[in-house]
Amino acid sequence: KRDEGGTRLVVEVRLGETGADANMTISPDVLLRITIPLAASVVSIAVAIISWSQLQISREKLRLDLFNRRFDIFQCVLDFHQELLTWKGSAEQKALYTPFIKAVRESRFIFPKKSGVLPFLEEFQRHSFYIVTFEEARDSMQGMNREIGELAQKKIEHQNWILNSMPTLEDKMEPYLRFEKL
C-alpha cells in the first residue's frame with residue numbers, strides 16, 4: 001500500500017508467532033533499480049531463444065536446399081537415362097542433353113569427392129555421348145555396311161551399360177538423398 005504522501009510503497013510483513021509487526025518501505029527508486037535489470041535479463045533470454053530458433057531454422061533450410069539440388073541432379077540423370085534407352089535423336093530427346101551435362105558439372109560442387117558421384121556421372125556421360133552421336137556417325141558412313149554394323153554393336157554395348165547403371169548411381173547418391181541423414 002502507498003504511504004500518505006503517495007511517494008513510497010509500504011510493504012507489511014508479519015513475522016512468525018511472536019506477533020511482532022514490521023513495516024518495510026521500498027522507494028520507487030529502489031524498485032526501478034531492481035526491475036530494470038530484471039526486465040533486461042528477461043529480454044536478453046528471449047532474444048537468445050529466438051536467435052537459437054532462427055539458427056535451427058536456417059540449418060534446416062540449408063539441408064532442404066541441398067537435398068533439392070541433389071535430387072534435381074538425380075532427376076535430370078534419370079530422365080536422360082530413360083531417353084537414352086530408346087534414343088532416336090528427336091528434338092525432345094536432344095533437349096535433355098544440355099541439362100544433363102549441366103547436372104554432371106554441378107555434381108562436382110554438390111557431392112563430396114568421396115561419394116564417387118562425379119566420376120560415375122562422367123563415365124555415364126561418355127557412354128551417353130556415344131549413343132547421342134550414333135545417328136550422325138551412321139549417316140556419315142553411308143555405304144560402309146561393316147563399319148555401320150560395328151558402330152551399331154558399340155551403341156548396343158553403351159546402351160546396356162546405361163541400362164545397368166541406375167542401381168550403381170542410386171547406391172552412390174543414396175546417402176546424400178536420405179533427408180533424415182543430411
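Guide: A crossing of two helices is called left-handed if the near helix is turned anticlockwise from the far one by less than a right angle, and right-handed if clockwise. In this model, H4 passes H6 in a left-handed crossing, and H1 likewise passes H4 in a left-handed crossing. The model is predicted, with local features needing pLDDT of at least 70 and side-chain atom pairs pLDDT 80 or more, while totals for chains, interfaces and linings use all residues. Residues are numbered from 1 along each chain as its sequence is written, and side-chain values use heavy atoms, leaving out hydrogens and water.

Visitor: What makes up the secondary structure of the protein chain?
Guide: The chain has 6 helices and 2 strands, in the order β-β-α-α-α-α-α-α along the sequence. These are DSSP runs numbered from the N terminus (helices: H or I, at least four residues; strands: E, at least two).

Visitor: Why are H4 and H6 called roughly antiparallel?
Guide: Their axes come within 10 Å and cross at roughly 155 degrees. Axes are lines fitted to C-alpha atoms, for helices over the stretch in contact, and angles run from 0 to 180 degrees between N-to-C directions. Angles under 35 degrees count as roughly parallel, over 145 as roughly antiparallel, 65 to 115 as roughly perpendicular and the rest as oblique. H4 and H6 are therefore roughly antiparallel.

Visitor: Which residues of H4 and H6 meet?
Guide: Val117, Phe120 and Leu121 of H4 meet Thr168, Leu169, Lys172 and Met173 of H6, where contact means heavy atoms within 4.5 Å. This set divides into 5 nonpolar, 1 polar and 1 charged. Ala, Val, Leu, Ile, Met, Phe, Trp, Tyr, Cys and Pro count as nonpolar, Asp, Glu, Lys and Arg as charged, and the others, Gly among them, as polar.

Visitor: How do you know that H1 is roughly parallel to H4?
Guide: H1 and H4 pack at about 30 degrees, with axes 11 Å apart. That angle makes H1 roughly parallel to H4.

Visitor: What makes a set of residues a nonpolar core?
Guide: Its members are buried Ala, Val, Leu, Ile, Met, Phe, Trp, Tyr and Cys residues joined through side-chain atoms within 4.5 Å. Buried means under 20% relative accessible area, exposed over 50%, partly exposed in between (1.4 Å probe, protein chains only). The largest such core here has 27 residues, and Phe80, Leu84, Phe100, Leu121, Leu169 and Met173 have the most contacts inside it. Helices H1 (28–84), H3 (97–110), H4 (117–139) and H6 (166–177) each supply at least two of its residues.

Visitor: Which residues does Phe100 contact beyond its neighbours within four places in sequence?
Guide: Phe100 touches Cys76, Val77, Phe80, Leu121, Phe124, Gln125 and Ser128.
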